[in-house]
Amino acid sequence: MDAIVDTFAFLGKCLYYFLESAMYKIIPKKKKDVAGEIVLITGAGSGIGRLMAIHFASLGAILVLWDINEEGNMETCRLAKEKGDGQVFVYTCDCGNKQEVYRVADQVKREVGDVTILINNAGMVTGKEFLDTPDYMVEKSFLVNVLSHVWTYKAFLPAMLKANHGHLVCISSAAGKFGTSGLVGEYFTLCPYYSASKFAAYGLAESLYYELTLTKKTNIKTTIVCPFFIKTGMFEGCSTKYSFLLPLLDQNYAAQSIVNAILKDEVFLVMPKFIIFLLIIKEMLTPKMCLAFGKYLGMDIFMTNFKGKNLESKRRSN
Ligand SMILES: NC(=O)c1ccc[n+]([C@@H]2O[C@H](COP(=O)([O-])OP(=O)(O)OC[C@H]3O[C@@H](n4cnc5c(N)ncnc54)[C@H](O)[C@@H]3O)[C@@H](O)[C@H]2O)c1
């Protein structure tokens, strides 16, 4: 009897949520007010981190900007101050260094207050194939692209839980949903560590989302973002075969879409929407069909001319 009641309750909820989401397509969801919220953005020194900072500044948020690149971060601070009249705090922090993350997080709590919107955006890509990637770069990819999220969540989540108020944002990637990229021999292998670390960041954020909403029933929001290539320079040189299906995203469009998703408390943002179609058919096709489809979409040549920004090239070699 319980199973029947549960099933009907579940089906009722599904219908309600379906109608609710259909309604939001017609009447857009109200955006939340972030004036006075303390927004921390990692990797704010360039690309979409910088553009998101400028958007949040114009909305009256108090900004905390982290980046390993002090110069770029200072420039973001200048641009954000130009856009808004809110306060901007700048910290040089290597998000791949646990001690540094905890130390700077404590400093932020003392000097600014409790972070209420945490955007884990800092990221790096090596652009090398599996065997050509030195071990320190493998480790660094995981440190920056996913372990830094663990440390920032641990540093800032307790205050959010106490206030039952906050928002965790994970900038993953379409490469966090597909193990794809350049073609070596017959196998898609490029940037395996980037893809693996972005899968991990996605899995971590989604699991935390379920813990916070399903288990702990808190009011803390989550947004997980999976974009295809964005024209920020991170994947400089990459190209796409059918740009009407998989366009390289304009960085202003990408940043604005992420900010909108945060303001509307959207849990998942996948850009462009065609990626959702690819995700569905990936589960339906056989591996050989997937390879053929990947080749049709030009996945084998995405990274052929990759130049990127190799942040770690000056550091110690393996
Ligand atoms: N550009 C794309 O095509 C694309 C696609 C999907 C996802 N993403 C993700 O979006 C995020 C932003 O990327 P972007 O395109 O703006 O690239 P970007 O290179 O312009 O910005 C990345 C920022 O992270 C900073 N950073 C790197 N390592 C750091 C570290 N150890 N500590 C602190 N800061 C560090 C860099 O200095 C830089 O300012 C990344 O997580 C990236 O993986 C990018």
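Helix 2 is followed by Gly60, whose phi is positive, near 85°. Helices (H or I, at least four residues) and strands (E, at least two) are DSSP runs, numbered from the N terminus. The model is predicted: local features need pLDDT of at least 70, side-chain atom pairs count only at pLDDT 80 or more, and totals for chains, interfaces and linings use all residues. Residues are numbered from 1 along each chain as its sequence is written, and side-chain values use heavy atoms, with hydrogens and water left out.

**Helix 2**
- Helix 2 covers residues 47–58, 12 residues in total.
- From first C-alpha to last it reaches 17 Å, close to the 16 Å expected at 1.5 Å a residue, where the expected span is 1.5 Å times one less than the number of residues.
- Of its 12 residues, 11 are buried, meaning under 20% relative accessible area with a 1.4 Å probe and protein chains only.
- Among the buried residues are Ile48, Leu51, Met52 and Phe56, as well as Arg50 and His55.

**Packing of helix 2**
- Its buried residues pack against strand 1 (38–42), strand 2 (62–67), helix 3 (70–83), strand 4 (117–120), strand 5 (167–171) and helix 7 (251–263); contact means heavy atoms within 4.5 Å.
- Helix 2 lies across strands 1, 2, 4 and 5 and runs at about 170° to strand 1, with axes fitted to C-alpha atoms, for helices over the stretch in contact, and angles from 0 to 180 degrees between N-to-C directions.

- Seven strands form an open parallel sheet in the order 3-2-1-4-5-8-9; two strands pair if DSSP finds at least two bridges between them.
- Strand 3 (88–92) and strand 9 (268–271) are the edges, each pairing on one side only.
- Strands 4 and 5 pair in the parallel sense over four bridges, and Leu118 stands opposite Leu168 in strand 5.

Terms used:
Buried < 20%, exposed > 50% of the residue type's maximum accessible area, 1.4 Å probe, protein only.
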